[in-house]
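Subject: Structure for you to look at

Hello,

I am handing over the structure below. My notes on it follow.

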Amino acid sequence: MPQLTWVGKDKVKNHHHDVPFRLLNTQYTFTAKEGMPANSTGNKIIHGDNLEALKSLLPEFEGKVNCIYIDPPYNTGNEGWVYNDNVNDPKIKKWLGQVVGKEGEDLSRHDKWLCMMYPRLKLLHRLLADDGVIFISIDDNEQAHLKLVMDEVFGAGNFVANFVWQKAYSPRMDSKTVSNDHDHIIVFSKSQNFRLNKVAFEQNNSAFSKYDEQKKAYYRRRQWRKEGSNARREDRPNLFYELTAPDNTPIFPIRPDGSDGCWRGSKDYFHSLVNEGVIEWIQQDGIWQIYVKQYQDLAASKPASTWLPSSDYSHNHEAAEEIRGILGANAFSTPKPTTFIQHLLAIATNKNAIILDSFAGSGTTAHAVLKQNAQDGGNRQFILIEMMDYAQTITAERVRRVMNGYGEGTKAVSGLGGNFDYISVGEPLFLDDGNLNEVVGEASIRQYVAYSERVTLDTSDTLQAVNPHCLGLKDDALFVFYYQVNAITALSMDFLARLAVSNLSSRPNSYVIYADKCTLTPDIMQKYGITFKRIPRDITRF
């Protein structure tokens with residue numbers, strides 16, 4: 001498979017492994033005021049570097065996010081907006097200097113953009129569920145590069161579509177060459193297990209007729225016609241018979257060459273449809289044709305289209321008006337409309353999906369999640385990540401107002417309800433020397449160790465009765481993290497004696513035990529199936 005090469009790729013290709021796990025510290029919880037409708041709870045808005053935030057989400061959410069929508073920098077070079085739409089932002093430049101090194105000073109803006117995106121896409125891939133999907137908005141500055149990188153990270157076989165959204169409702173008259181009226185939405189799945197939902201639509205165009213009595217719609221499907229089919233009379237003699245048109249004209253099936261032909265159905269079947277009232281005669285250019293009315297529910301469905309016109313899915317101008325109505329100022333220059341994001345949620349998620357946006361911007365994704373929940377009674381949860389300082393004043397503030405309601409008088413918009421935790425990215429779990437950062441607390445360390453072992457952290461009374469240091473059980477193995485803040489721990493015969501495994505319904509076949517040191521002999525460890533793992537901390541301080 002062809003792969004894209006750029007300056008600095010070798011420095012960032014595996015950088016996602018080196019990103020430190022950090023604590024996610026909840027600063028406060030916001031809940032919609034009393035009287036608001038029920039909506040999803042447990043939502044998250046995270047302020048911090050999205051690379052570090054994504055890594056820190058892994059212990060709880062790896063393989064569990066159902067839908068990702070991101071609107072990363074388009075790399076246009078425009079630095080005059082509130083949202084710097086390129087990779088010359090000081091925070092990104094600092095990161096490039098640290099990761100890529102001095103070589104990063106000579107990178108083109110496309111090299112910088114790719115260096116910035118690659119490790120983030122690798123972590124997003126890990127967070128996405130097996131049947132999940134990722135949507136990425138982009139324009140022509142990086143669209144071609146992004147598609148090749150996504151082929152590499154997600155697999156070319158998991159490419160779903162390139163949606164085209166008409167972001168402008170009319171051509172820009174001040175364009176120097178052509179009016180750039182669209183954005184791309186590159187869509188990839190995690191695996192072949194993903195399926196897009198179909199789109200509901202009302203059959204109200206000229207090709208359909210309403211049948212109000214039964215609250216259904218029908219279309220005409222040509223079943224019989226005067227010319228009949230190309231089949232010869234001798235091929236299907238039972239399909240050659242006389243029919244009587246509404247003007248009492250006898251009608252026979254005739255082939256295009258004038259010879260006797262065949263109708264498309266038997267005479268008995270024709271009369272059964274007449275009795276059902278679904279036969280319709282239509283005369284076109286003096287030739288009688290017979291149609292069968294095919295009934296469908298008005299709320300029919302069709303596959304999602306890659307063309308997203310502004311007339312159906314809104315546009316940039318309306319999105320700007322929307323956020324101005326919420327925040328009362330030109331707080332954000334390039335938001336996406338909620339109608340547009342809502343459509344993506346409708347075709348890609350179920351009612352209990354987890355939706356992640358790691359370039360949250362003005363918070364449109366959260367707004368769309370809450371609106372979609374209100375519309376279909378869903379319980380979708382959102383996770384937003386925003387590195388810029390406006391995470392509190394714009395991103396979170398918008399969500400607060402959407403939950404509580406905003407506007408006055410005739411412009412008042414009712415609140416949608418719900419709540420969210422506002423979270424900051426905190427201390428790393430490991431220090432630069434590789435030892436545990438013990439200031440993060442034992443609970444956070446235990447959670448990380450359980451995640452690294454792929455063990456579900458078990459705090460049940462049953463397991464705690466075995467030993468308070470137990471983490472959980474997996475594949476008939478008991479995992480134990482023997483850690484004390486101010487003392488050296490030793491895996492010894494005395495400690496084994498304190499493992500009350502008789503409290504379990506069945507004895508484990510093996511043990512994985514973390515401690516500062518081990519005093520057991522190899523024979524004892526082999527006899528009981530024990531694997532010892534040393535806790536990575538500086539014990540010289542004791």
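Is A161 buried or exposed? A161 is buried because its relative accessible area is 9%, where buried means under 20% relative accessible area, exposed over 50% and partly exposed in between, with a 1.4 Å probe and protein chains only.

Before the rest, some notes on the source. This is a predicted model, in which local features need pLDDT of at least 70 and side-chain atom pairs count only at pLDDT 80 or more, while totals for chains, interfaces and linings use all residues. Residues are numbered from 1 along each chain as its sequence is written, and side-chain values use heavy atoms, with hydrogens and water left out.

The whole protein
The protein has 16 helices and 26 strands (DSSP runs numbered from the N terminus: helices are H or I, at least four residues; strands are E, at least two). Of its 542 residues, 49% are buried. Of the contacts (heavy atoms within 4.5 Å) between residues at least 6 apart in sequence, 72% join residues at least 24 apart.

Around A161
A161 sits in strand β5, residues 159–166. Setting aside neighbours within four places in sequence, A161 is in contact with I185, I186, V187 and T306.

Around I488
I488 is in the loop between β22 (477–481) and β23 (490–491). I488 counts as partly exposed because its relative accessibility is 38%.

Regards
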